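Try each one yourself before reading its solution.

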Amino acid sequence: MAMIGGGPGAFIGPVHRYAAEMDREIELVAGVFSSDAARGQAAAASYRIDSARAYPTLEAMFAAERARPDGIDFVSIVSPNHHHLPAARAALAAGVPVMTDKPLTATLAEAQELAGLVAAAGLPFGVTYTYSGYPLVREARARVAAGALGTVRKIVVEYPQGWLAGEATGKQAQWRVDPARAGLGGCIGDIGVHAFQLAEFISGLKVTELLADLAAVVPGRTLDDDCTVLLRFDNGARGVLLASQIEVGERNGLRIRLYGDKGGLTWRQETPNVLEYNTIDGRSEVIHAGSGQLGPDAVARTRTPAGHPEGYLEAFANLYRDFAALLRGEAAPLLPGVTEGLRGMAFIATAVAASREGAGWVPLRA
């Protein structure tokens, strides 16, 4: 694996590296870690890779790695959003498969261009919607598909954070509130799109319409930092999506609740090893990760016995395990790809435009 981005001070770069290497199917060996050569060399030292394989540009990396008998098999793009399209375009043109962080790109037009490039290249392409890698998220999806809830009627998904409630200081905060680097969405693109993907992933349904109220609450901020979106799904179900980065005291409180005519499911990211299932006749079941209650897909993505917590890094690692399967020519049907990435960008663009225009209910097309 080569990494694009992830230089000194980056949060998500080391996370990708830890996750990718967890199952020993993938090894980080090269990268364009920074546009600054010295910072790129510092990153190479921190990742314990050969300094000669810390490249100054994408062009230099692809040329040098193509000439090596042990050259890279794919790239992982972990840079800010505005760099996703050019990095992916260069990789695909060089015949190199791509794993990219979400959102897919900075704008919907870029996402549409990238989807066309992926289709033309015919190469493996994945998007790290992290939360779809949790074993109990996959268990929830399997139970919904098997009819445990009956007909899904209501989906409530919320993602509260508080770390941007004040002035945006530090590298990670500053690029997320900068339209030139983050793109057209702030909170909606950073975490709201996670909530959107999770709702569609677990339910198996697609959002067809939305009504959005997005706000830049912190004075002087251009991009949204607080979001309320009402949803309508293709089976007639209603939904609510709440995402905020100005809720003081909240950390990473992603939670999803799905209700059908036979039962309901609740999963929380901060207690990811428990899934709650309630039936219309009053019965309740607490489903534990690593237990005998799980179906085959969740079991296949669980590494430890019940009571030994697995979390964020393991969920990330499950996505990289799926991507490794794609590289071997095997099926990985639950790995989010360019289709999910394009839907995510359509959601962001539609919500931003609808909120600015006060448009009421608008269709979501992707």
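Below are the exercises, each with a worked solution.

This is a predicted model, where local features need pLDDT of at least 70, side-chain atom pairs count only at pLDDT 80 or more, and totals for chains, interfaces and linings use all residues. Residues are numbered from 1 along each chain as its sequence is written, and side-chain values use heavy atoms, with hydrogens and water left out.

**Exercise 1.** Work out the strand order of the open sheet and find its edge strands.

*Solution.* 
- Start with the terms: strands (E, at least two residues) and helices (H or I, at least four) are DSSP runs numbered from the N terminus, and two strands pair if DSSP finds at least two bridges between them.
- Reading across, the 5 strands go S2-S1-S3-S4-S5, with parallel pairing.
- S2 (30–32) and S5 (125–128) sit at the edges, each pairing on one side only.
- Now zoom in on S1 (residues 2–4) and S3 (residues 75–77): 3 bridges join them, and Met3 has Ser76 as its bridge partner in S3.

**Exercise 2.** Is Arg138 buried or exposed, and which residues does Arg138 touch?

*Solution.* 
- Locate Arg138 in helix H6 (residues 135–145).
- Check the area: Arg138 has a relative accessible area of 2%, and buried means under 20%, exposed over 50%, partly exposed in between (1.4 Å probe, protein chains only). So Arg138 is buried.
- List the contacts (heavy atoms within 4.5 Å): leaving out residues up to four places away in sequence, Arg138 touches Ser132, Gly133, Phe201, Asp297, Arg301, Leu319, Asp322 and Leu334.
- Finish with Ser132, whose backbone oxygen lies 2.9 Å from a polar atom of the Arg138 side chain.

How values were computed. A polar contact is a pair of N or O atoms within 3.5 Å; within protein, one must be able to donate a hydrogen and the other to accept it, and residues adjacent in sequence count only if both atoms are side-chain atoms.
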